[in-house]
Amino acid sequence: MVQNIRLHPSWLDPLRGEFDQPYMADLREFLRAERASGARVFPPPAEWFAALDQTPLDRVRVVILGQDPYHGEGQAHGLCFSVRPGVRVPPSLQNIYKELESDLGIPRASHGHLARWAEQGVLLLNTTLTVRSGSPTSHAGRGWERFTDAVIRLVSDRAGPSVFLLWGSHAQKKAALVDAARHCVLRSVHPSPLSAHGGFFGCRHFSQANAFLDRHGRGAIDWALPA
């Protein structure tokens, strides 16, 4: 698997041992069987590790944790909450944009492509990196969580002071992996339409993240997205 994945060397070297673990062999076999059965698996294999390929470890300043990829055709491309240009902005991301506008006055983007955030050091990481078409959480509990736990520990141990945005109970379970003495951990309900009114709107996480980064000399994120 190591030979075939697209993964920035800053991640590949410290994570190399994970690919030799029995759980990863089991995960590879599960994914092979899924695809052999004719099931559509999202995103495509070349994009399974896109978050780690586009945001090197030494550039991480913010971590946004999602649960698993979008399960609709043409949506997932390896960055949590993001879709490619031309794909309709999903409801949770629409709510993220609403909070961003309320918090920092940044107008809502007309697209859902978050690559500009990733380029600035925002690690857009799902805790499960694949999903079966039309079946949310279908690949949960198959091994991805152990791998992404290792990713979170790496950020906690090696990255400069960073901000972890933990939206929803699933993401908040990962707080125990983060050294809160070094990093800023911000929690709220998930931005889904089912929960956003219960505390996501008004959380002001974007301004709080930038204030923390500025205090620690790491520079604020420009959350505005290009047209």
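In the classification used here, Ala, Val, Leu, Ile, Met, Phe, Trp, Tyr, Cys and Pro count as nonpolar, and Asp, Glu, Lys and Arg as charged, while the others, Gly among them, are polar. By these classes, the lining of the second largest cavity in this predicted model comprises eight nonpolar residues, no polar residues and one charged residue. The residues concerned are Tyr97, Leu100, Ile106, Pro107, Arg108, Ala109, Trp223, Ala224 and Leu225. The space inside the second largest cavity amounts to about 50 Å³.

For the largest cavity, the computed volume is about 70 Å³. The lining of the largest cavity is formed by Pro43, Trp48, Phe49, Ala50, Ala51, Leu52, Pro69, Gly78, Leu124, Leu125, Asn126 and Leu129. Two elements, helix H3 (50-54) and strand E3 (122-126), each give two or more residues to this lining. In terms of class, ten residues of the lining of the largest cavity are nonpolar and two are polar, with no charged residue present.

The largest pocket holds about 540 Å³ of space. A total of 29 residues line the largest pocket, and those nearest its centre are Gln67, Asp68, Tyr70, Ser92 and His190. The elements E2, H4 and helix H7 (169-172) each provide two or more residues of this lining. The largest share, three residues, is contributed by H7. The lining of the largest pocket divides into 13 nonpolar residues, 15 polar residues and one charged residue.

Serine 82 was considered individually. This residue is located in the loop that runs between strand E2 (62-66) and helix H4 (91-104). The relative accessibility of serine 82 is 0%, and serine 82 is therefore classed as buried, the cut-off for that class being under 20%. The side chain of serine 82 is joined to that of histidine 77 by a polar contact of 2.8 Å. When neighbours within four places in sequence are left aside, the residues in contact with serine 82 are Tyr70, Gln75, His77, Gly112, His113 and Leu114.

Definitions and conventions
Residues are numbered from 1 along each chain as its sequence is written. This is a predicted model: local features need pLDDT of at least 70, side-chain atom pairs count only at pLDDT 80 or more; totals for chains, interfaces and linings use all residues. Side-chain values use heavy atoms; hydrogens and water are left out. Helices (H or I, at least four residues) and strands (E, at least two) are DSSP runs, numbered from the N terminus. Buried means under 20% relative accessible area, exposed over 50%, partly exposed in between (1.4 Å probe, protein chains only). A polar contact is a pair of N or O atoms within 3.5 Å; within protein, one must be able to donate a hydrogen and the other to accept it, and residues adjacent in sequence count only if both atoms are side-chain atoms. Contact means heavy atoms within 4.5 Å. On a 1 Å grid over the protein atoms alone, a cavity is a set of points where a 1.4 Å probe fits but cannot get out, and a pocket is an open set with protein on both sides within 12 Å along at least five of seven lines; lining residues have an atom within 4 Å of a point. Grid points are joined across faces, edges and corners, and a volume is the space filled by probe spheres set on the points.
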